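Please open the model in your viewer and keep the sequence panel beside it. The stops below say what to select next and what is to be found there.

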Amino acid sequence: MGLQTSILTEGRKRDKLRMIFGIIQSMKNRVILAIGAHPDDTDFGASGTIAKWVEEGATAYYLICTDGSRGSKDPKMTHQKLALIRRKEQEEAAEVLGIKKVFFLDHADTQLVVDNVLKEQIVRIIRKVRPNTVITMDPTFYYSQKFGFINHTDHRAAGLATLDACFPLSRDRLTFPQHEKEGLKPHKVEELLLVNLEKADFLVDITTTIDKKIKALACHKSQFDDFKKIEKMIRTRSKMQGKKVGYKFAESFLRLNLP
Ligand SMILES: [Zn+2]
C-alpha cells in the first residue's frame with residue numbers, strides 16, 4: 001500500500017471513528033482556524049469541510065490576510081470601495097457557514113509579504129483562538145500545468161507565513177513576548193491542512209455541505225460575472241476528488257499531523 005493510499009485510508013478511518021463515537025461529540029470542543037490571503041479563498045478551498053465540522057460541533061474562525069482590493073474589472077471601482085465590499089461579502093459567506101468570527105489583517109492585495117509583521121499578526125490570532133486544526137494554502141503550490149494557471153503570490157505568502165506561525169512561532173513563549181503581557185499564552189497546533197489543487201492525501205466528504213459551500217461562494221458577488229459557471233466548476237472538481245475515495249463530493253488537502 002502506497003503512502004497516498006494509507007493516508008487516504010486514515011481519513012476514512014477517522015470518519016468511521018467519528019460515526020462510532022457520535023459525530024457531535026467528536027467535533028465538539030475542536031477549534032478550526034482557516035487562514036486565506038483574500039476574501040473567498042477559504043470558501044473556494046475548504047468551506048465544505050469547515051461547514052461540515054461546524055455542523056458537527058466545532059468552532060471555526062477565518063483569518064483573511066489582505067483586503068482583496070485589486071480583484072475588480074469595473075473601471076469605476078476604487079481600492080477603498082472594493083475593500084469594503086469584499087469584507088461585507090466575506091462576512092455574509094461566513095454567516096452561511098456558521099463561522100464564529102472573521103479576522104481581517106487588511107494588507108494590500110497582491111503585496112502580501114512574508115515578514116515578521118505578518119507572522120506576528122497570525123501568531124496573535126493563533127494564540128487567541130487556540131485552534132486544534134489550521135487550514136491554509138500550500139505555499140509550495142506555485143503553478144498548475146494541469147489547470148493552466150500561476151498560483152497567486154498572496155496565496156503562497158499567506159501559506160508560508162502560516163506554516164512559520166504554526167511552528168515554531170506560536171509554540172515558544174519567548175517569541176513575540178508582548179503577547180504574554182496581553183494574556184495570550186503559547187499554543188501548539190495539532191493538525192495542518194493545506195489546500196493544493198494538484199496534490200492531496202486527505203479527503204473530506206462534503207456531500208452534505210456542498211450546497212452550503214456554493215451558497216457561501218455566491219456571496220462574493222463582486223468576483224463573478226457568471227456564478228453558474230463557478231458552481232459547475234465546483235461541483236465537477238468536488239466530484240473528481242470524491243471519486244478517489246467513494247464520496248459523492250469531496251474537498252482535498254495535504255495533511256500534516258504535528259504531534
Ligand atoms: Zn485569492
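**Confidence first**

Colour the chain by pLDDT, the predictor's confidence in each residue from 0 to 100: the protein averages a pLDDT of 90, and 90% of the residues score at least 70. This is a predicted model, in which local features need pLDDT of at least 70 and side-chain atom pairs count only at pLDDT 80 or more, while totals for chains, interfaces and linings use all residues. Residues are numbered from 1 along each chain as its sequence is written.

Select residues 1-7, where pLDDT stays under 50 and the model has five contacts beyond four places in sequence, a contact being two residues whose C-beta atoms, placed from the backbone, lie within 7 Å. Then select residues 17-25, where pLDDT also stays under 50 and the model has six such contacts. Where pLDDT is low, the predicted coordinates should not be read in detail.

**The sheet**

Next, show the strands; helices (H or I, at least four residues) and strands (E, at least two) are DSSP runs numbered from the N terminus, and two strands pair if DSSP finds at least two bridges between them. You will find an open sheet of seven strands with mixed pairing, in the order β3-β2-β1-β4-β7-β9-β8. At its edges stand β3 (101-107) and β8 (202-205), each with a single partner strand, so one side of each has no neighbour in the sheet. On average, neighbouring strands are turned by 25° against each other, direction ignored.

Zoom in on β8 and strand β9 (residues 250-257), which run antiparallel and are joined by four bridges. Which residue of β9 is the bridge partner of V204? It is E251.

**Helices across the sheet**

Axes here are lines fitted to C-alpha atoms, for helices over the stretch in contact, and angles run from 0 to 180 degrees between N-to-C directions. Select helix α4 (residues 79-97), which lies across β2 (59-66) and β3 and runs at about 160° to β3. Then select helix α9 (residues 227-243), which lies across β8 and β9, at about 55° to β9.

Display L118, K119, I122, V123 and I126 of α5 with A161, T162, D164, A165 and L169 of α6, which make the contact. The contact has seven nonpolar, one polar and two charged residues.

**Two backbone details**

Most residues other than glycine have a negative phi, and most peptide bonds are trans. Select P168, found in helix α6, and note the cis peptide bond that joins F167 and P168, with omega about 0°. Finish at N29, in the loop between α2 (23-27) and β1 (31-36); N29 is not a glycine, yet has a positive phi of about 70°.

Definitions and conventions
Nonpolar A, V, L, I, M, F, W, Y, C, P; charged D, E, K, R; others polar.
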